[in-house]
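Hi,

Here is the model I promised to pass on.

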Amino acid sequence: MIAHADTIPPARHPLIAWILRWILTTNHKEIGTLYLCLSFAMFIVGGAMAMVFRLELAQPGLQFVGADFYNQMVTLHGLVMVFGAVMPAFVGLANWMVPLMIGAPDMALPRLNNFSFWILPFAFFMLLSSLFMQGGAPNFGWTLYAPLSTTYGPPSTDYLIFGVHLMGISSILGAINIIVTIFNLRAPGMTLMKMPLFVWTWLITAFLLIMVMPVLAGAVTMMLTDRHFGTSFFSAAGGGDPVMFQHVFWFFGHPEVYIMILPGFGVASQIIPTFARKKLFGYHSMVYATASIAILSFVVWGHHMFTTGMPLVAELFFMYMTMLIAVPTGVKVFNWVATMWRGSMTYETPMLFALGFVVMFTIGGFSGLMLAIAPVDFQYHDTFFVVAHLHYVLYPGAIFAMMGAVYYWLPKWTGNMYNEQLGKIHFWAAVIGLNMTFFPMHFVGLAGMPRRIVDYALPYADLNLFSSVGAGILGLTQFLFLYIVVDAVRGGTGKATGQVWDGAEGLEWTLPSPAPLHSFHKPPQVD
Amino acid sequence: MRVRHPIARALDGIGALTRLPVCFFRGLLCGLILVLPHSVLAQGWDMREGVTDLSQRIQTLHHVSLFICLAVGILVFGAMFYTIFAHRRSRHPVPANFHESTRVEVIWTLIPTLILIGMAVPATLMLREIEDNSDADVTILITGSQWKWHYQYVDTGIGYYSNLATPLEQINNEEEKGEHYLLEVDNPLVIPTGLKVRFLMSSDDVIHSWWVPDFAVKQDAIPGFINEAWTLVDVPGTYRGQCTELCGMNHAYMPVVVEVIPAEEFNTWIEDQRVAMELAGEAAVAARSRDWSMEELMPMGEAVYLQHCATCHQPDGSGQGITYPPQAGSPISTGPVDVHIDRVLNGVVDTEMQSWAPQLSDLDIAAVITYERNAFGNDMGDLVQPLTIFNSR
Amino acid sequence: MSGRRSDRQARLRKHTALLAVVAMGMFGFAFALVPLYNIFCEITGLNGKTSGQAATSVPVAATASQSASESIEREVTVQFISHVSRGMPWEFRPTESRLRVRLGEVTETTYYARNFASRIATGQAVPSVTPGYAARYLHKVECFCFTQQHLQPGEELDMPVYFYVGEDLPSDIGTLTLSYTMYPVSTDTKQSSVPAEEPPGAPPMDHSEHSVL
């Protein structure tokens, strides 16, 4: 029998008991909450770093930070957002929702679950402590390109390497747990093809994690041995090749992009049918599309490297494969629109975020298709056009989906309704901030501004100022979001019913709100 | 008469289409855009057309793919915004019940596939042209190093470094920024019109990337390896670009400037360079044939230091952390002279400290070493002569 | 009931173990990518990585008479490039910047090297060829890049390369470029490269025995 943390003897001091409860908890809901809190904290940290470099970029010339510190901010912003904000947020969501959606009492491996969470704070402590080290934090971009990161990296690079190892272990353990849970703990009658789409997307994401996180671990291990143990995987002087680092990194890196987006697809596929009051259109093709995106993501990594001097054949292969990804992605977008078609829609905050996700993610998809065309990519590559593309994919794809999910399930988690009016203001402010920040980046990129530069030529000045103002707005909206969530936890605008949304379907809505700490001890029957 | 800003008009269009409550934010957005100077529109917001056949066709391909995306976008978003408007509960209280249609699914899998094939064909043809390895008329070896470019005309033996020419005062906002702020160099690359020029790319330290948007040439410079690219320009002029691969602290300060001159002037230019190299050689002989005094070397050394050393080691010699050690009281600047000379001439493997032997004259190196040993409180009293440097290399 | 529970526990353990093995396998795969990449490079000439070993067989057609007997006699240009790494006190350059060579014919060229430092310096040359996919047609019969080169203070040397270009060279290649980067070989490069770690005032370890000029 699993020892539950809430059975700790009450004789202790209440504060210690409370702390121990959260440290020792093996309950999927509590661990989910821990993940979500950590990821929001990291989101604020990574966002603060973005504020630093947007402030510096508001005008040409050096105003606030030096070039080296700017590079440190750029590097840590990427790493913290990818590994600290987006991934733990979705793992937290999976912890909360997967057992509820498949009718399981908990995750299959609860103690492992606790372990994989508690690795993370230490990983980020290691990563962020590098800011205070001699020589500064890593300053070579989140892509860690050798030899800038190996031969020329600051001493704190080793902390980054071990931090990445820890995050990798955490993600792999989390992914194993999710797969084992989905394969073994489904309620009787819930066949694979009856699972909610969010569960499906997470199942596929978990397989991606198990396949690629170890490859990243291998890449950073090679960095470590190159730095300290005399190997030369990535150094031409010893017979290695710096470009090989890029191949290994992007073999991880491209599936990683889908790790951050597929759960978002799942969230949108839950929210849109609820508020359209109509079943998801093309459930089967959605599942197949997700799977084919995941498989294709393994054979497109070369599109990040068109300018490294690839042979023509390789360039053509990666170009075709990348363009092919547009097909299943398109199918998903069309299916969402078809789900909405002739529904009976209302626009509560979760629905607004889901629609914002579909529209802006599609814009990111369009620029992605343009980037896939290799001859033109020579002009886009490593400019702000790429920055615009990746933020249009990831901000709506991951952050909007995540926030939509929080608004959607918050009443189930807390038992209280959030403030709908504030939620709508949050959405519109975020849309304005997001587009002001990232849309002009398309233009400065096309006009010729390279990415990751601390200072830029005069023609790009006006649009950069505009971006920076947008970034400020976007930054402020996060505090509005925090206020809305805290307010909902403390009572919000009233009690939520078990059903919460009249159009919602699924096992999680059969439970009362808030969902009791222990649910589905007796598995529900699904027909 | 006041012409309405095109973005304001575009926003009106979107607003009318969606009928979503964006009025307030639209006002805010328009207000922000209108306060921006109109010069914004004078600068292109589009990919540059450039001056080569390839760059112009790449721009066309960019436009084609952009318009295909716009067309698909208008269709998809049009349908979406229509349904958002028409199928809201107040107008459409009873939802329909359909949720599957194999026929529709097949259609919207096949049509995008066909569009993609249509896009892939011209892209494939163009890529084959870019990867053209036929003979070139001029070959130039481009070597990136932190944070400058070295250009070598392989067949004539002419080579020189190309450094950022923007003064530090402009970067630090102490002076007004010039027209070509950060896009100006001391010695631009010079190539002739009408001849095929092959660029060989390599690097001395980390990966750099050499980009001239107007030629649509962007190729990574990778240490220990060579890459190639080519161009053929018909229009004389000055073309500017930048390093596009993060290459360390001063990545932003590594511009590329190419001057394209008529082919008939190119040979004259090559001859001029030869003469200039000979003159520099004679000057070097003259410089090492006499002894220089401390009073002569110190100001010269300070100038060299500020131009080449100060971005890393700082103007006051205080350095920046452990990556860029301080000059003041350093074991090199206050240690044996020959070690100091070796360090400056040959650099340090696997660090940002470069070999200055190919970059600076004997006199410059002698002056800067003398300066480093007698400034920042390092009162060593040493005087390094150009002849000593000459004998060390 | 308990039988079903232990059944399920066994299944959970099996699945967990299986997935853990997959994860470890993928970690190994990351390292397997290194030899895979090298094989891939050799096949496609990705990045112009050329073999660090001598061509095992000299072509039969390496005599002028046989080539001349064939009506099609193709020549290509081979360009020679050099780089010297930081910390390498050498002058190092090709003695000829380009050669016209007949396909299949073994040709000799030399690189000039001079150590101008007052210390012994050892170097290792790393070759690279462009266009990348031409790398596998450029065969080096003998090359200074196969071994480390030691030069005494002030010593100079002409270092030979014997090579031939394979007759199956694709017809669209008119010029091949062969580049060598000369890297210093040292057992204690790390120690000697960070002056800040040395105690102030103490003579740097690796140079202490050399005389002042």
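**What I found**

Chain C has three helices and nine strands (helices are DSSP runs of H or I with at least four residues, strands are runs of E with at least two, both numbered from the N terminus). Reading chain C from its N terminus, the order is α-α-β-β-β-β-β-β-β-β-β-α.

Before the rest, some housekeeping. This is a predicted model, where local features need pLDDT of at least 70 and side-chain atom pairs count only at pLDDT 80 or more, while totals for chains, interfaces and linings use all residues. Residues are numbered from 1 along each chain as its sequence is written, with chains lettered from A and ligands numbered from 1 in the order in which they are written.

Back to chain C: 32% of its 213 residues are buried (20 or more other C-beta atoms within 10 Å of a residue's own, with C-beta atoms placed from the backbone). Of the contacts in chain C with a separation of 6 or more, 73% join residues 24 or more positions apart; a contact is two C-beta atoms, placed from the backbone, within 7 Å.

Now the interfaces. Between chains A and B, 86 residues of chain A meet 87 residues of chain B. On the chain A side, the helices that each supply at least two residues include α3 (67–102), α7 (242–276) and α14 (461–489), and α9(A) has the largest share, 14 residues. That side of chain A divides into 54 nonpolar, 22 polar and 10 charged residues (nonpolar is Ala, Val, Leu, Ile, Met, Phe, Trp, Tyr, Cys and Pro, charged is Asp, Glu, Lys and Arg, and polar is the others, Gly among them).

Chains B and C put in 42 residues each. Chain B uses both strands and helices here, among them β1 (138–145), β5 (197–203) and α11 (386–391), and α9(B) gives the most, with five residues. This side of chain B splits into 16 nonpolar, 18 polar and eight charged residues.

Last, the cores (sets of buried Ala, Val, Leu, Ile, Met, Phe, Trp, Tyr and Cys joined through C-beta atoms within 7 Å). The largest nonpolar core has 317 residues, and A:Val199, A:Ile210, A:Ala219, A:Ala268 and B:Ile142 touch the most other members. α3(A) gives the most to this core, 24 residues. Leaving aside neighbours within four places in sequence, A:Ala219 contacts A:Phe245, A:Val248, A:Phe249, A:Phe252 and, from chain C, C:Ala30. Another core lies apart from the largest one, with 20 residues, including B:Tyr324 and B:Ile389.

Cheers

Conventions: Buried ≥ 20, exposed ≤ 12 C-beta atoms within 10 Å, placed from the backbone.
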